[in-house]
Amino acid sequence: MKRFFSIFFIMSILTTSFAVPTYANEKDDSITKQGQQQMINVAHRGASAHAPENTMAAFQKGVDMKSDYIEIDVQMTKDGELVVIHDTTVDRTTNGTGPVGDLTLEEIRRLDAGSWFSEEFTGEKIPAFEEVLDAFRGKVGILIELKSPELYPGIEEQVAEALKERNMNLPNNEKIIIQSFNHDSMKRSKAFLQAIPHGVLAGMSWSDVTDEQLAAFATYADYFNPNQNIVTPDLIDRVHAVDMQIMPYTSRSQEQADRLFHLGVDGIITDYPEHVYDHPVKKGA
Ligand code: G3P
Ligand code: CA
């Protein structure tokens, strides 16, 4: 028996002494990785420089290009279904015409949302919101913009229901963020989805945003995502001072991505994920 305990004691010592360096190495690796992946790379409307915006092809391209998030614009059809499209009419990005809210899901699904971009994408459809969730959850983060929610009463609750049905409303379960230019809509959404980070979008008119306004945003939002043209070092500091993160939109050139990177934003919303991912500093060069 005594011998058994001696062997057990020696084994414990050996296990402990080997376990410590292994843990230390893993920790070092994760720190390095964290450094490399610090900048959140958001594929705007999918990788929309490379495939027609807000289509499954553009979202898949965002995944293939190693984006951290795909950004999607959500609206509602005449028959109350959630669909993913940027403009409030289908005119620019499909072969149809008319407001999104005047068309049924079936009418919307008949439209070609790819050939305006290039022949290669003929037949791409306007995706249903739930189709995007089911196809991309767990593969990439999803930055959900409620587009013009004032046109679609109840859209916040409907988006929340779709997430809850999939248990995507739970903290740290999936990478989900909800954002909008309509800040009242974000307050409503936050009430339905307490554990999901929310963002306020801010156009050029917010260039003089005050500390008080930022503090008020911070009561229900985790991100202040402004037009890139109003981003200054001072704004970044003030956003961070209220414990929010900042992911400006929409970078469309390497120069714009480089500027934002060096200013120290938390993420970049871009049509070109390669501008962020391939940044020399990010590569550790
Ligand atoms: O994600 C921010 C950005 O998408 C906001 O602008 O017009 O492209 O929806 P917009
Ligand atoms: Ca958007």
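**View 1. The side chain of His198 meets the backbone of Lys190.** In this predicted model, a polar atom of the His198 side chain sits 3.4 Å from the backbone nitrogen of Lys190; a polar contact is a pair of N or O atoms within 3.5 Å, where within protein one must be able to donate a hydrogen and the other to accept it, and residues adjacent in sequence count only if both atoms are side-chain atoms. His198 belongs to strand 6 (residues 198-202); helices (H or I, at least four residues) and strands (E, at least two) are DSSP runs, numbered from the N terminus. Is His198 buried or exposed? Its relative accessibility is 0%, so His198 counts as buried (under 20% relative accessible area, with exposed being over 50% and partly exposed in between; 1.4 Å probe, protein chains only). Leaving aside residues up to four places away in sequence, His198 touches Ile177, Ile178, Met186, Ser189, Lys190, Leu193, Tyr220, Ala221, Asp222 and Tyr223 (contact means heavy atoms within 4.5 Å).

View 2. Asp73 is in strand 2 (residues 69-76) and Glu145 in strand 4 (residues 141-146), so the pair ties together parts 72 residues apart in sequence. Asp73 counts as buried because its relative accessibility is 0%, and Glu145 also counts as buried, at 5%.

**View 3. Helix 5 packs against helix 6.** Helix 5 (residues 155-165) and helix 6 (residues 183-192) pack at about 35°, their axes 9 Å apart. On the helix 5 side, Glu156, Glu157, Ala160 and Lys164 make the contact; helix 6 brings Ser185, Arg188, Ser189 and Phe192.

**View 4. The protein chain as a setting for the close-ups.** The chain has 10 helices and eight strands. Of its 285 residues, 48% are buried.

**Notes.** Residues are numbered from 1 along each chain as its sequence is written, while chains are lettered from A and ligands numbered from 1 in the order in which they are written. Local features need pLDDT of at least 70 and side-chain atom pairs count only at pLDDT 80 or more, whereas totals for chains, interfaces and linings use all residues; side-chain values use heavy atoms, with hydrogens and water left out.

Notes
Axes fitted to C-alpha atoms, helices over the stretch in contact; angles between N-to-C directions.
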